[in-house]
Amino acid sequence: MEYTKFDAKLLVLTVATQETDGFRRFLKSARNFNYTVKVLGRGQKWSGGDYMSAPGGGQKVRLLKEALQETKSEDQVLLFTDSYDAVFASGPKELLRKFQQAKHKVVFSSERLIWPDRHLEDKHPHVREGNRFLGSGGFMGYLSNIREMVSNWTGEDADSDQLFFTKIYVDPDKRKSINMTVDSRCRLFQNLHGALDDVVLKFEDGRVRARNVLYDTLPVLIHGNGPTKINYMGNYIPKSWTFETGCTVCQDDLRSEYPLVSIGIFIQQPTPFVSVFFERLLKLEYPKDRLKLFIYNQEPHHEPQVSSFLRDHGGLYQDVRSITPKEDMDSAAARDLALDICRKDADCDYFFNLDIEVVLKNEKTLKILIEQNLPVVAPMITRAGRLWSNFWGAVSAEGYYARSEDYVDIVQGRRVGVWNVPYVSNVYLLKAHLLRSQLKDSAVFTSHSLDPDMAFCHSLRSAVRTIGTPPTPQEEGVFMFVTNMQTFGRILSTENYQSTHLHNDLWQIFENPVDWEERYIHQNYSRIMRDKLIETPCPDVYWFPVFSDVACNHLVEEMEHFGKWSGGGNTDTRIQGGYENVPTIDIHMNQINFEKEWQKFLVEYVAPITEKMYPGYYTKLAFVVRYRPDEQPSLRPHHDASTFTINIALNQLGQDYQGGGCRFLRYDCSIQAPRKGWALMHPGRLTHYHEGLPTTAGTRYIAVSFVDP
C-alpha cells in the first residue's frame with residue numbers, strides 16, 4: 001500500500017495494480033483538489049477479472065477489507081472509488097458536505113440500469129427521485145460502517161464486487177444496520193453508463209464541471225463505468241481545458257505554430273455588456289502566453305470593469321498595456337500607439353483589433369483568421385435583425401460608403417466565401433510586417449477629414465511598398481478581406497445606453513435583446529416546452545426556470561442600491577387606493593424605472609408559458625419583496641389581488657438565507673426550497689390561499705408579478 005498525501009480531511013481509497021494513463025489522470029485530479037489518496041494493490045497482479053466478459057472485482061473488496069484492518073480512526077470518513085476511469089470535479093469540502101446532507105452512514109453511487117443480476121430488481125428499495133440501483137464503483141462512509149459492510153467477504157478475487165454490495169443493499173436488515181443508501185440524484189457520484197445524455201459539461205470560472213441536467217446536480221466524482229469511458233470529459237474536467245486557459249496540458253508542446261498576437265481593445269463610449277466582453281475574451285481559443293493586450297478606455301464609467309479584468313486575469317497574458325481616461329488620449333492617437341507598439345516589437349507577428357462593441361461568439365475566431373494567411377482579414381459580424389455589418393462592399397469616389405451588388409447576399413449568407421473589400425472596422429487581423437513596410441507611417445488612424453476607421457482603411461488602400469524598386473499599379477495598396485465562411489458574432493447597439501443605474505445592462509432588453517437573453521435568461525429556458533421542464537409541485541402550481549443567476553444577482557443588487565424599501569405598512573401611496581391589505585417590504589419596478597423592461601420580459605419569456613396555462617392575461621403590478629428575520633420574516637395567510645401570480649426566487653436557500661418558502665393551505669402543500677431563478681406560478685384568488693413561510697436567517701428576495709385579464 002502507498003500513500004499520496006494531499007489533504008487529511010477525507011481519506012480516498014482506490015485500487016490500482018498498475019500506473020496507467022487513466023490512473024495518472026485520476027491522481028492529477030485528486031492532487032488538484034488536495035485529496036488524500038491511499039492506493040491499494042500497487043505492483044500486485046490483477047486477478048479480479050476483466051468486467052467485460054463476466055462480473056468481477058472481488059480483489060478490490062479483499063484489498064479494502066485488509067486495508068480497513070490497519071486503519072484505526074473509527075470516525076474516519078472513507079471514499080472508495082475506481083480510479084482508471086474516474087476523475088474528481090470538485091474538492092473534499094463539497095463532497096463531505098453532500099455526504100452529510102445524505103444523512104446516512106454509507107452512500108453508494110447509483111445506476112439507472114441494474115447489473116449483474118436482474119432478478120434482484122424488485123428487491124431494490126424505491127427512491128423519491130432518481131436512480132434506484134446501486135453502483136459499486138464509488139461509495140463513501142464512516143470507517144466502522146464500511147468495515148461492518150465488508151466484514152463477511154469471503155469470496156474469490158474474480159467474484160463480483162457489484163453483486164456482493166447489491167445483496168447487502170437489498171437486504172432490509174443489513175441495509176438498516178449499516179445505514180446505507182444510494183446517491184439517487186447524482187449529487188456525489190455520476191456514473192456515465194446509460195446516462196451520457198443526462199450529463200453535459202458546465203464551464204465556470206477557470207474550471208469545468210459535469211452537470212446532470214436530469215436532476216440539475218453537479219456531481220463531485222465522475223466515473224466512466226462499463227462500456228462508457230470518461231476520455232471525453234477527462235479532456236476538460238477539472239481543469240484540463242477551460243475557455244479561460246485553453247488546453248492546460250498541451251501548452252508545453254506549443255511552439256512557433258502560434259504566432260504572437262497583440263490584441264488592441266478600444267472603449268470609446270458607454271457600451272452595454274462590457275463585463276461579458278471580457279468573459280468572452282478569456283474564452284478565445286489561443287494560448288494566452290502568446291497574446292499581448294493593449295486596452296484603451298476613454299469612458300470613466302467602464303474603468304471598474306477594465307480594472308477588475310486586469311486584476312483577476314491580466315497575469316495570464318504575456319504583457320498588458322492600459323490607457324485610462326485620465327490620460328486624455330483621443331481614439332485615433334490610441335489606435336496609432338497600439339500599432340506602433342506592435343511595429344517596434346520584433347516578436348509581434350499580428351495585430352488583432354477588437355472594439356468593445358464586438359460580440360465575438362466564435363471562440364476559434366483568432367485561429368481561423370490566422371489560418372487565412374491574408375494581410376488584413378476581418379470576420380464578418382452584423383447587427384441583429386439589420387443589414388449593418390463591419391465591412392463595406394464598395395466606396396464612393398469620395399471614399400465614403402457605397403453598397404455593392406453582392407453586399408446583401410454576403411451579409412445574409414447567401415454567398416459564402418472570403419471577399420476582397422475596401423473597408424473593414426471593429427474587428428480584424430493585421431499582419432505586423434505591414435507595419436514595418438507599407439504602413440511605416442505612425443499616423444495610420446489620424447486624419448483631419450476622416451474618422452479613425454476610414455483613415456485606417458484609406459491608409460491601407462493607398463499604401464505603397466517602400467522597399468525595392470518603384471511599385472507597379474498592381475503593387476499599390478493593401479488588400480482587405482472579410483470572411484463569412486463561419487458565423488463569428490455580432491455587434492452591439494450603443495444607442496440609448498444609459499449609465500445611471502448600478503447594472504445598466506438590465507435595461508438592454510429592447511436595444512440588444514439577444515445579448516440580454518444570453519445574459520439574463522436561464523440556460524434551460526429553451527427546454528421548458530421541448531423537454532417538458534415545467535414542474536407541478538402543488539395542484540395548479542407551476543414551476544419553471546426563467547432567470548439566470550446573474551439576472552437574480554443584478555436585480556437584487558439594483559434594488560438594494562436604490563434602497564427605498566417600503567415600510568411594510570397598510571398605507572401605500574404607490575398603489576391605487578393607497579391601501580395594501582397584505583403589505584410586504586418591497587420596491588416596485590416602476591420606482592427604478594424598470595416597469596417597461598419588466599413588462600417586455602414577461603411578454604417575451606413568461607407569457608409563452610402562461611398562455612399554455614392561463615391564456616388572455618396581462619401584468620398589473622410587479623415588485624421585489626425582501627424577507628428578513630428582524631424585518632419581515634414571513635407573510636400571513638392570504639389571497640393575492642390577482643387572477644394568478646408569478647414569483648421568481650432571486651437568491652439561494654442555504655447560501656443566502658434559511659427557511660422561507662410558500663405553503664398553500666388548502667392543499668397542505670409547501671415549497672420550502674425555491675430554486676434560484678425559477679418562476680412559481682399559481683392562482684391568486686379563490687383556490688390558492690397561501691402564506692410566506694418564515695425566513696429564519698439571512699435575507700430572502702423574490703420578484704412578484706400580479707396578473708389579471
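The term pLDDT denotes the predictor's confidence in each residue, on a scale from 0 to 100. The structure shown is a predicted model, in which local features need a pLDDT of at least 70 and side-chain atom pairs count only at pLDDT 80 or more, while totals for chains, interfaces and linings use all residues. Residues are numbered from 1 along each chain as its sequence is written, and side-chain values use heavy atoms, with hydrogens and water left out.

Figure 1. The average pLDDT of the chain is 87, and 91% of the residues score at least 70. Contact here means heavy atoms within 4.5 Å.

**Figure 2. An open sheet of 8 strands with mixed pairing.** Strands (E, at least two residues) and helices (H or I, at least four) are DSSP runs, numbered from the N terminus. Two strands pair if DSSP finds at least two bridges between them. The order in this sheet is β17-β16-β15-β18-β26-β20-β27-β24. Because β17 and β24 (418-421) stand at the edges with a single partner strand each, one side of each has no neighbour in the sheet. On average, neighbouring strands are turned by 20° against each other, direction ignored. For such angles, axes are lines fitted to C-alpha atoms, for helices over the stretch in contact, and the angles run from 0 to 180 degrees between N-to-C directions. Strands β18 (residues 350-355) and β26 (residues 427-431) pair in the antiparallel sense over 5 bridges, and F351 stands opposite L430 in β26. Helix α9 (residues 303-313) packs on the sheet and touches β15 (261-267), β16 (291-297) and β17, its direction making about 160° with that of β16. Helix α13 (residues 452-461) also packs on the sheet, touching β20 (376-379), β26 and β27 (480-483), and its direction makes about 120° with that of β27.

**Figure 3. An open sheet of 4 strands with antiparallel pairing.** The strand order is β33-β39-β36-β37. The edge positions belong to β33 (635-638) and β37 (669-671), each with a single partner strand, so one side of each is left without a neighbour in the sheet. Neighbouring strands are turned by 15° against each other on average, direction ignored. Strand β36 (residues 662-664) pairs with β37 in the antiparallel sense over 3 bridges, and C662 stands opposite I671 in β37.

Figure 4. Rings of Phe, Tyr and Trp (its six-membered ring) pair if their centres lie within 6.5 Å; planes under 30 degrees apart count as stacked, over 60 as edge-to-face and the rest as tilted. A search of the whole structure finds 35 aromatic pairs. One of them, Y35 with F88, is stacked, at 3.9 Å centre to centre and 20° between the planes. This pair links distant parts of the chain, with Y35 in the loop between α1 (21-32) and β3 (36-40) and F88 in strand β5 (residues 86-88), 53 residues apart. Y35 and F88 are both buried, where buried means under 20% relative accessible area, exposed over 50%, and partly exposed in between (1.4 Å probe, protein chains only). W392 and Y401 form an edge-to-face pair, 5.6 Å centre to centre with 75° between the planes. W392 is buried, with a relative accessible area of 14%, whereas Y401 is partly exposed at 38%. One aromatic cluster consists of W507, W516, Y520, Y525, F547, F594, W598, F601 and Y605.

**Figure 5. Helix α5 (residues 161-169), largely enclosed by the rest of the structure.** Of its 9 residues, 7 are buried: D161, Q162, F164, F165, T166, I168 and Y169. Among the elements that cover them are α2 (58-70), β6, β7, α4 (143-150), α6 (172-178) and β8 (180-182).

Figure 6. A cis peptide bond, with omega about 5°, joins W115 and P116, and P116 is found in the loop between β6 (106-111) and β7 (133-142). N34, in the loop between α1 and β3, has a positive phi of about 65° although it is not a glycine. N34 is partly exposed, at 40% relative accessibility. D328 has a positive phi near 50° and is likewise a residue other than glycine. D328 lies in the loop between β17 (319-323) and α10 (331-344) and is exposed, with a relative accessible area of 71%.
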